[in-house]
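Here's a quick briefing to read alongside the structure. Have a look at the chains first, then work through the notes below.

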There are 2 protein chains.
Amino acid sequence: MSSQPLPDDLRATLDPRRKSWIESANDAACEFPIQNLPFGVFSTAQHASARVGVAIGDSVIDLAVLYDAGLLRLPATVKHNVFARGALNDFIELGRDVWRSVRVQLSSLLARDTAALRDDAALSARAFVKLAEAKLHLPVNIPGYTDFYSSKEHATNVGSMFRDPKNALLPNWSEMPIGYNGRASSVVVSGTPVRRPNGQLKLPDQDRPVFGACRKLDIELETGFVIGRGNALGEPIACEDAEAHIFGMVLLNDWSARDIQQWEYVPLGPFNAKTFASTISPWIVTLDALEPFRVAQPVQEPQPLAYLRHGGEHAFDIELEVLLQPAGAQEASTISRTNFRHMYWSMAQQLAHHTVSGCNTRVGDLMGSGTISGPTPDSFGSLLEITWNAKNPVELKGGATRGFIEDGDVLTLRGWCQGEGYRVGFGECVGEVVAALG
Amino acid sequence: MSSQPLPDDLRATLDPRRKSWIESANDAACEFPIQNLPFGVFSTAQHASARVGVAIGDSVIDLAVLYDAGLLRLPATVKHNVFARGALNDFIELGRDVWRSVRVQLSSLLARDTAALRDDAALSARAFVKLAEAKLHLPVNIPGYTDFYSSKEHATNVGSMFRDPKNALLPNWSEMPIGYNGRASSVVVSGTPVRRPNGQLKLPDQDRPVFGACRKLDIELETGFVIGRGNALGEPIACEDAEAHIFGMVLLNDWSARDIQQWEYVPLGPFNAKTFASTISPWIVTLDALEPFRVAQPVQEPQPLAYLRHGGEHAFDIELEVLLQPAGAQEASTISRTNFRHMYWSMAQQLAHHTVSGCNTRVGDLMGSGTISGPTPDSFGSLLEITWNAKNPVELKGGATRGFIEDGDVLTLRGWCQGEGYRVGFGECVGEVVAALG
């Protein structure tokens, strides 16, 4: 568990025995039980303004309505309804004490024995929207997007394929959480169609590249964390303090055009191969909700340099899976199952490394884990690895096979933490691939 | 000249014979004559709210004041004073027709024979601030920062030093304007002190890296362009249309920690070596003001793929220089002189390539040229190249030498276009290096 004990009222929100009067939240398979309370931004056909909500059972609770009704208290210094916004940033800016206070208040309001909202039919009618009727938006404005490369298995696989199987892992990999700047503008919310990119392809039988649609379109199964408290330029975040800067986590599909990538990436890294779209799940699961699922990260050998050390447990036991459903197929096929706990470098280490040079971060910044691959092909986090660059196509239900993604394929990431009798889920991170521009 | 002829009223603003009643603007050495009219954001000790201004002679003209006084007209759909803002984005969002209209109006108001402002002493007293008394701010909110690598000489020099002198230029370099995502959060305005970064250094005599202050701190002499009109995700910008998406240009010093870079950059590119600071000049010189200085770019061989072709002239004749002044030195030494016209890939080609995958851009995005090196050591755009990785230290006035930057050094970039009897200048891009955190 964390090195810093949680306040008692916050710990109570994690009690597996706590049930809600929203009965759908009490189902053992529900991803949004009262222990989760993830934050998102939604609108409806009837009420088109995007505002902040929390998922509970089969519903979204509208925090803007609760606040206006006086059922959610914020510090007296807050003069505006920070929930009546199209992004979570203003709420997150209020700080961790406020996030935690809102979590404690919501957990209490939604608990089985609390009457205030439960017995107020008129307010409930305004405050709840069925998830099926909610349009979910990008939950935060993302000022910056950084992607790491922190799965040892993934880095080894890619190094084996594209560089040298005997020296697959480069010497710097074991010393630092390698990362690079991504493109924040093209981060989209789950459900947004993803257009296959055009670009330069270097075919093996030709001297010069050709221009055309990507032929090796891939997913990257990742998680991302969202910065909850920034740091000033020139003032690094210490590894021990880093988790206090994290608001929560999402699923992240860092779509990748492998053929474009292979031709462009030396020496300055991936660019067009990644900047056409990165999809995140719409609900941000707070680090507080993930507290019961802390586990030890893999042993780090060699021991990291001092600025990358932290005591306690900083990995999280998050089950992950990837599904692929071709256009017209009856059902999706699971093509990978893995777990976030395999990650070599922790989120805290990533953030300490990111800022050690003095780089500043801002509320809403998204930090991707890098592709999360386990030790076996059925736990790899990309088709590149699962099919070993299309040499071993993956078989889908119904008989189709895939080396890489085809037009019309729907790719879905899922993630959840399994508690005792409940699960803290991330919801889905979905994208359908549409044909390239002609 | 441009393939599309300019409107007559815009062309008139470029007439070398036009003079201003602001006499300091008519000096042949002045960087801000009536032909320039660059946009920035400023405040003063007496009036601390940042607002939009235009540099003219030794002064800044406050556009928020002009607008409120009815001397600057915007389309009737504009309901707020977009100049009374701490960033140019809202003004830029109004579109090129509006930028051009404001330029035409300002040129007329400031022209020697126009009485409206000249003869209104009370309004002039409110509308003008001496540059020496203005605090200049970052001119735009920068949602995304991309850096290219478009000088053939620079790419060849770096490839020679760090990879293979015989194959210094990688095969992809001649086919596309190689670029990578930078870190927008740490772009700072000229004058901001730059703290020497700490990070991992791999010393040649040790197996493992050490943690410490960068020992090879460097500049990169670049220009940057600012996006004036974005594009939607999935909708590339054609090369022929790209310049219409550019608001203007700045000078850019992309500070680089060469030792950190060399250890971290394979395979995902530079990260901590660049993210600690990038400095831009405070005035954005519009593409319209640069129109008379169009020249042909270097011949491109092989001919680029079709999506990277454009007719006409797309390079600009911008003189550039770098000065270094050690702490306590009486004067600065010029350590490099070069010209933007040497760049192999044009800004239009960079933007077409950036978006060809479908990547979206947004108003205010900054796109760096990459280090601008000429053909000889005294025209190289980084100390890495000038001193050939400190092997040939550069001599400064007074006898000091430099391999890389020392604490207390002040680095200054300057840039200007030389017209007939006037010069369109960029102002200075300055940063003093301060010691690393202990």
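Let's begin with a cysteine: the sulfur of C214(A) is 15 Å from the closest cysteine sulfur, in C359(B), and that is too far for a bond. Keep in mind that this is a predicted model, where local features need pLDDT of at least 70 and side-chain atom pairs count only at pLDDT 80 or more, while totals for chains, interfaces and linings use all residues. Residues are numbered from 1 along each chain as its sequence is written, chains are lettered from A and ligands numbered from 1 in the order in which they are written, and side-chain values use heavy atoms, with hydrogens and water left out.

**Cysteines**
- A disulfide here is a pair of cysteine sulfur atoms within 2.5 Å, and searching the whole structure turns up zero of them over all chains.
- C214(A) is buried, with a relative accessible area of 3% (buried means under 20% relative accessible area, exposed over 50%, and partly exposed in between, using a 1.4 Å probe and protein chains only).
- C239(A) is in no disulfide either, as its nearest cysteine sulfur, in C359(A), is 16 Å away.
- C239(A) is buried too, at 5% relative accessible area.

**Salt bridges**
- Side chains of opposite charge can pair when their charged atoms come close.
- R51(B) lies in strand β2 (residues 51–56) of chain B and D62(B) in strand β3 (residues 59–62), so the pair ties together parts that are 11 residues apart in sequence (helices, H or I of at least four residues, and strands, E of at least two, are DSSP runs numbered from the N terminus).
- Both R51(B) and D62(B) are buried.
- K274(B) and D254(B) form another salt bridge, at 3.5 Å from N to O.
- Both K274(B) and D254(B) sit in loops of chain B, so their pairing ties together parts that are 20 residues apart in sequence.
- R402(B) and E406(B) also meet in a salt bridge, at 3.7 Å; R402(B) is buried at 6%, whereas E406(B) is partly exposed at 41%.
- Over in chain A, a network of salt bridges links D218(A), E220(A), D254(A), R258(A) and K274(A).

Key:
A salt bridge is a side-chain nitrogen of Lys or Arg within 4 Å of a carboxyl oxygen of Asp or Glu.
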